[in-house]
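Trainee: Could we go through this one together? I'd like to know where the labels come from.

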Amino acid sequence: MTATRLALDLAVTIRHDGHGGVADDLAGPEGLADWVRERAALLDCAERPVTVDEALHTAVRELRAALRSLFARAVRPGPPSSADAHRLLPEAEAIRRLNAAAALVPTVPRLSWEPDAGPTVRLRPAGSPPAADRIVAALARAALTFLDGPDRALLRACPAPRCVRYFVKDHARQEWCTPSCGNRARVARHHGRRRKAQGDAP
């Protein structure tokens, strides 16, 4: 679930801006800094705050481009998000980027066993890698886990007018990423039928 959440959270930093255009929540380093801070526990950087510089900003945006390109492949035969359908990376390059980013930080299994719980094994970074590498590698590993897992089959590009988000289908009848997108799609269909009816009228 953590992998699905992180992968989707990164992908949907490209979104509809509410005015007919596309917004990028990671347009600048400050946007990425806020985004990372909100997910510090998931990215295992809560104890060591990260300084977001241009290098980390570029690395995360390149990773996002790779992820969205592979999301476009995952939703076939449905159409990809319209936000980047015209500029998707070649699939081999997208896969290379994800694999390279995941390999930035080697991991080792670590056992923990709390007194009132069962034993758990988690992969932890080996050594003391830079915080920026840990973030990029954690995001890449989340993307790899998501793409290799069962939630990939439930991935969809929202078909609502102007929406550019991807989402995981939670139930059989879900068609849109949010109820507001569903409302917008129904309104657009209603107006389309009215226009057609008026055009067909003598």
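Trainee: How do you know whether Arg 68 is buried or exposed?

Mentor: Bear in mind that this is a predicted model. Arg 68 has a relative accessible area of 2%, and buried means under 20%, so Arg 68 counts as buried. Its place is in helix H3, residues 54–74.

Trainee: What does the side chain of Arg 68 reach?

Mentor: The backbone oxygen of Val 164, at 3.2 Å. The cut-off for a polar contact is 3.5 Å, and 3.2 Å is within that. Leaving aside neighbours within four places in sequence, Arg 68 is also in contact with residues including Ala 11, Asp 84 and Tyr 166.

Trainee: Why are H3 and H4 called oblique to each other?

Mentor: Their axes cross at roughly 130 degrees. Roughly perpendicular covers 65 to 115 and roughly antiparallel starts over 145, so H3 and H4 come out as oblique. The axes come within 9 Å, and the crossing is left-handed.

Trainee: Which residues of H3 and H4 meet there?

Mentor: Among them are Leu 63, Ala 66 and Leu 70 in H3, and Ala 94, Ile 95 and Leu 98 in H4.

Trainee: Which residues touch the most other members of the largest nonpolar core?

Mentor: Leu 43, Phe 71 and Leu 139, out of 41 residues in that core. Elements giving two or more residues to this core include H3, H4 and helix H5 (131–147). H5 supplies the largest share, 9 residues. Apart from this core lies another, of 7 residues, with Trp 176 and Cys 181 among them.

Terms used
Residues are numbered from 1 along each chain as its sequence is written. This is a predicted model: local features need pLDDT of at least 70, side-chain atom pairs count only at pLDDT 80 or more; totals for chains, interfaces and linings use all residues. Side-chain values use heavy atoms; hydrogens and water are left out. Helices (H or I, at least four residues) and strands (E, at least two) are DSSP runs, numbered from the N terminus. Buried means under 20% relative accessible area, exposed over 50%, partly exposed in between (1.4 Å probe, protein chains only). A polar contact is a pair of N or O atoms within 3.5 Å; within protein, one must be able to donate a hydrogen and the other to accept it, and residues adjacent in sequence count only if both atoms are side-chain atoms. Contact means heavy atoms within 4.5 Å. A nonpolar core is a set of buried Ala, Val, Leu, Ile, Met, Phe, Trp, Tyr and Cys residues joined through side-chain atoms within 4.5 Å. Axes are lines fitted to C-alpha atoms, for helices over the stretch in contact, and angles run from 0 to 180 degrees between N-to-C directions. Angles under 35 degrees count as roughly parallel, over 145 as roughly antiparallel, 65 to 115 as roughly perpendicular and the rest as oblique. A crossing is left-handed if the near helix is turned anticlockwise from the far one by less than a right angle, and right-handed if clockwise.
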